[in-house]
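Grab a pencil and let's work through a few exercises on pockets and a hairpin. Try each task before you read its solution.

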Amino acid sequence: MLRRTNKQRGTVKTLREKFEEKLTDSGGKSKWTGSTNNIGYPKMKVDGEMVLGSHVALRLAGRPVPKDKVVMHEDNDKSNLKASNLHIGTQKENLKQMRDEGRDRPRGVAQEPDVKTASAWALLYEVARGL
């Protein structure tokens with residue numbers, strides 16, 4: 001079902017209307033202004049369940065995402081939900097794209113600490129050594 005209701009006001013909005021309320025056009029991108037999940041991906045409630053915004057965008061564009069596939073962002077901007085920026089692929093393809101673009105890190109390797117963190121650890125190390 002692609003309709004959503006607001007029982008308190010008695011109004012009915014289509015999924016497209018609710019989706020487009022959460023977008024702003026910015027520099028040729030359709031930027032999401034609604035809620036996000038814990039890692040920053042747009043999400044919204046559809047028929048009582050939370051669905052990723054990219055899946056809603058593709059469904060509205062007539063390209064539903066199969067359960068065994070993922071949505072990949074051409075520009076790597078997870079808040080850009082313009083249908084032309086999204087394509088369907090496998091998790092393997094998604095990970096390869098990340099590696100090819102240098103956006104991954106080997107498993108078990110921590111990210112480089114920022115300068116403040118590195119300086120704080122260096123200071124603690126010197127204090128611990130009694131210097």
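**Exercise 1: the second largest pocket**

β6 gives the most to the lining of the second largest pocket, namely four residues. Keep in mind that this is a predicted model.

Task: work out which elements give two or more residues to the lining of this second largest pocket, and sort the lining by residue class.

Solution: 
- Start with the space: the second largest pocket holds about 280 Å³.
- Next, list the lining: Val46, Glu49, Met50, Val51, Leu52, His55, Val56, Arg59, Pro64, Val65, Pro66 and Lys67.
- Finally, sort by class: eight are nonpolar, one is polar and three are charged.

**Exercise 2: the largest pocket**

Task: find which element supplies the largest share of the lining of the largest pocket.

Solution: 
- This pocket has about 390 Å³ of space.
- Its lining takes in 17 residues, and Tyr41, Val71, Met72, His73 and Asn94 lie nearest the centre.
- At least two lining residues come from each of α2 (53–60), β7 (70–73) and α3 (91–100).
- α3 has the largest share, with five residues.
- By class, the lining splits into eight nonpolar, seven polar and two charged residues.

**Exercise 3: a hairpin**

Task: say in which sense β3 and β4 pair, and over how many bridges.

Solution: 
- Strands β3 (residues 23–26) and β4 (residues 29–32) run antiparallel, paired over four bridges.
- Across the pair, leucine 23 in the structure sits opposite tryptophan 32 of β4.
- Two residues lie between the strands of this hairpin, where glycine 27 takes a positive phi near 55 degrees.

Terms used:
Residues are numbered from 1 along each chain as its sequence is written. This is a predicted model: local features need pLDDT of at least 70, side-chain atom pairs count only at pLDDT 80 or more; totals for chains, interfaces and linings use all residues. Side-chain values use heavy atoms; hydrogens and water are left out. Two strands pair if DSSP finds at least two bridges between them. On a 1 Å grid over the protein atoms alone, a cavity is a set of points where a 1.4 Å probe fits but cannot get out, and a pocket is an open set with protein on both sides within 12 Å along at least five of seven lines; lining residues have an atom within 4 Å of a point. Grid points are joined across faces, edges and corners, and a volume is the space filled by probe spheres set on the points. Ala, Val, Leu, Ile, Met, Phe, Trp, Tyr, Cys and Pro count as nonpolar, Asp, Glu, Lys and Arg as charged, and the others, Gly among them, as polar.
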